[in-house]
Each structure stands twice: as structure tokens, then as C-alpha cells.
Amino acid sequence: MAISRERVLSELQQVAIPGGGNLISADLVRALVIEGGVVRFVIEAADADAARALGPVEADAERRLKSLPGVEQVQIVMTAPAAPRRAGAPQGDVVARSGQGGEAPPSLKIGRHPTPQAGPEPVSGVKRILAIGSGKGGVGKSTLTSNLAVALARAGRRVGLLDADIYGPSQPRMLGLTGQRPSSDGQMIEPLHAHGVTVMSLGLMMKEGEAVVWRGPMLMGALQQMLNQVKWGELDVLLVDLPPGTGDVQLSLCQKAQVTGAVIVSTPQDVALIDARRAIDMFNKLKTPVLGLVENMSTYVCPNCGHEAHLFGHGGVAEEARELGLPFLGEIPLNLEVRLAGDEGVPVAATDGPVSQAFARLAERLVGGGMA
Ligand SMILES: Nc1ncnc2c1ncn2[C@@H]1O[C@H](COP(=O)(O)OP(=O)(O)OP(=O)(O)O)[C@@H](O)[C@H]1O
């Protein structure tokens, strides 16, 4: 017989946490889902240190739940918000700090409790959803997403890009959409279009410079709205630019949408690779197939003398992919043009040149493999 939610919650009440109390009394459990014999939930720690201290607690919770009759599998994901929580933020609500000037965002209220649904659902009109993730911040995941989207559009695919990097939505800037607002009739959002790509970003629903502090359920609701209340139209592929790391957005996306698979971006440094491994592990736990790895900031070619240097090492991601038995999808060089183009709002993939070709090859690889 399937285990009840009450039984799971009462067992979690027995799991003591450092400093006193238990997982439930300290309100650390989010997104508890029980499907047959599988129990899944998130432990939301206050910050990275707290998450580390909760390691043994996670193990204790897993051990206890696994010993209960009717429980076959326990999947726990530990998350710590990338942005600090603001003191006094109301529970379960979105807190937006005002930016400077700018037009008011569209009327649709973004960020609300999710509506219940049985499991991951397709997004109407969208054939494939690719999650673009990274273990570590700053490895160029957003840059890769915008350029890949443009390269896929240039290859004739119908492409959408959802910027779900709520802690630092950068797609509006990278795609030259800063200051533009999607319109909404209060029910549905009309997305924007740039370089042949249909674009929606939480950044476009907020004033520039606003910072948001979200909690798990609100985040899930906002993501659900972005997937289902945006007029995406008919798309061959929707790329989702995730925040770095392993947190609520990743979990919400995989629980709410039928994600075709995840592409993991890493630089070749060991430290980035260790984090990339964590991200892969999380997608495995969430049963989202990892389609492959991409190495960003690979080779540096000096624009003056043509000398090749490997500032962050080279080939580490391909090697890692081999070790993990995952496809290596390609490498993107470290090139000043990539950054300048991103800052100017015209992704380098929209131009012609060797770096643009690197993105075109990556796009070709995905299309050829039936992934886009
Ligand atoms: N291949 C590249 N060559 C040169 N600069 C790059 C390259 N890839 C990314 N960058 C630059 O590195 C910086 C970080 O990139 P980006 O914002 O895409 O990273 P991210 O992984 O999405 O970061 P975040 O953790 O903030 O989401 C940006 O200034 C970007 O222009």
C-alpha cells in the first residue's frame, strides 16, 4: 500500500536538526511529492553553510523514510537560495524592490502559488524543452543559451528562450531587449522576439534593477505561469536558461514540465567540473536525461598574434563526459567578441565569423541528434 503524506511528515518530525527542533518544526521541507513508492522533497537551507551542516540530517531523513513500509525510493534535493533572503520578507510571497524609473511591468501578476497538477505536463505547441544548466555561476550558461538559440533559429528551427535565471536574468540585455515589455491581457503574456527567437524572461516582467526574493512555492507558481501563460506558439524547441546550481527552479521545472533533457555547461577548471557533476547528479535524481556537456571558455586565440592559450585548461569537460558516459556536445572558445556582443545585445551567433561557427556546429549537433 502507498505511504500517506501524514506518515511521511510525522517521520520527518523525528529528524532532529543542529541547534534544536526538527525538519518540520523548522519549516525546511518544500515541494513534498509522493508518487507510488517514491518520496521526493527539497530541504531548503538558509545558505550554503547551513546546507553543508544539514548533510547528516539529509542522510538521516533518507534512512528513516526508506525503512518505512511502502517507500521504495527517496529523493531529497538540498537547496540554498543564491540570493540572500531579505529580513522581514513575507512568507510565501514575492518581494520586489523598486528599481530606478522604467515603465511599469505588464499587469499580469507573476509569482503566485502553483496550481495543482498530476505530474510533468507538456507545454502546448512546444515539441521539446531543453534545460540549460551549470553547477557553478559565471561559466557562461546564459551566453551559451542566447547564442545557441540564435544559432538554432539560423538553422531554421522554431526556437523559444525562457530566462528562468531569476537571481540574475540577463537575457533581455544579451538579446537587446532591455526596456521592452511584453504585453499581457491579464491572462496571457505576449512574448518578445529577437534575432529569430521567441523570448520570455522574468526580467521582462520586472523593472530594471529590481531584485526579487522568492520562496519555493511562489517560484514554482511563477515558472508554471511562464510555461503556460506565455503565447509561445509552435516551437521545435524551448531553451530554458536556469539559475546556476541545484535549487528550486530546477526542481520546479522538472516537476511541472516534460523536459526533454538537460545540457550542462562548464568551463574546463576542476572546480567548475566538480559543481557540474553535482548538477548532473541532481538531474539524474529528478529523472531528467542529461543530453550532454558543453565546454565554454575553452581555447583562447590571441586576436593580435593568433597564438592559442588555454587559460582555464582544455579538454577537461570532454574527459569528464567520457568518464560519466555522457555525450560531449562541443566547445566554445574564450573570445572577447562573445562578451562584447552579449553586452551590446547582438549575440555573436547572429554575426559571421569563427565563434559564430562554433555555435552553429553546436546547434547542428543538437538538431542532428534529434534534440532540437
Ligand atoms: N566564451 C566566452 N568568451 C568570452 N566571454 C564569455 C564567454 N562566455 C561567457 N562570457 C562572459 O562571461 C560572463 C559570464 O557569462 P554568463 O552571464 O553567460 O554566465 P552564467 O553562467 O550565465 O552566469 P550566472 O551565474 O550569472 O547566471 C559574461 O560577461 C559573458 O559575456
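Tutor: Let's begin with burial: a residue is buried if 20 or more other C-beta atoms, placed from the backbone, lie within 10 Å of its own, exposed if 12 or fewer, and partly exposed in between. This is a predicted model, where local features need pLDDT of at least 70, side-chain atom pairs count only at pLDDT 80 or more, and totals for chains, interfaces and linings use all residues. Residues are numbered from 1 along each chain as its sequence is written.

Student: What percentage of the 372 residues in the protein is buried?

Tutor: Buried residues make up 46% of them.

Student: Is Gly135 buried or exposed?

Tutor: Gly135 is buried, because 24 other C-beta atoms lie within 10 Å. By contrast, Gly138 counts as exposed, because it has 12 C-beta neighbours inside 10 Å.

Student: Which residues beyond four places in sequence is Gly135 in contact with?

Tutor: Two residues are in contact if their C-beta atoms, placed from the backbone, lie within 7 Å. For Gly135, the contacts beyond four places in sequence include Pro244, Ser266 and Asp275.

Student: What does the UniProt annotation "binding site" cover?

Tutor: UniProt annotations may be inferred rather than shown by experiment. In this unreviewed UniProt entry, the annotation covers Gly135, Lys136, Gly137, Gly138, Val139, Gly140, Lys141 and Ser142.

Student: Where is pLDDT under 50?

Tutor: pLDDT is the predictor's confidence in each residue, from 0 to 100. The mean for the protein is 83, but pLDDT stays under 50 over residues 82–102. Where pLDDT is low, the predicted coordinates should not be read in detail.
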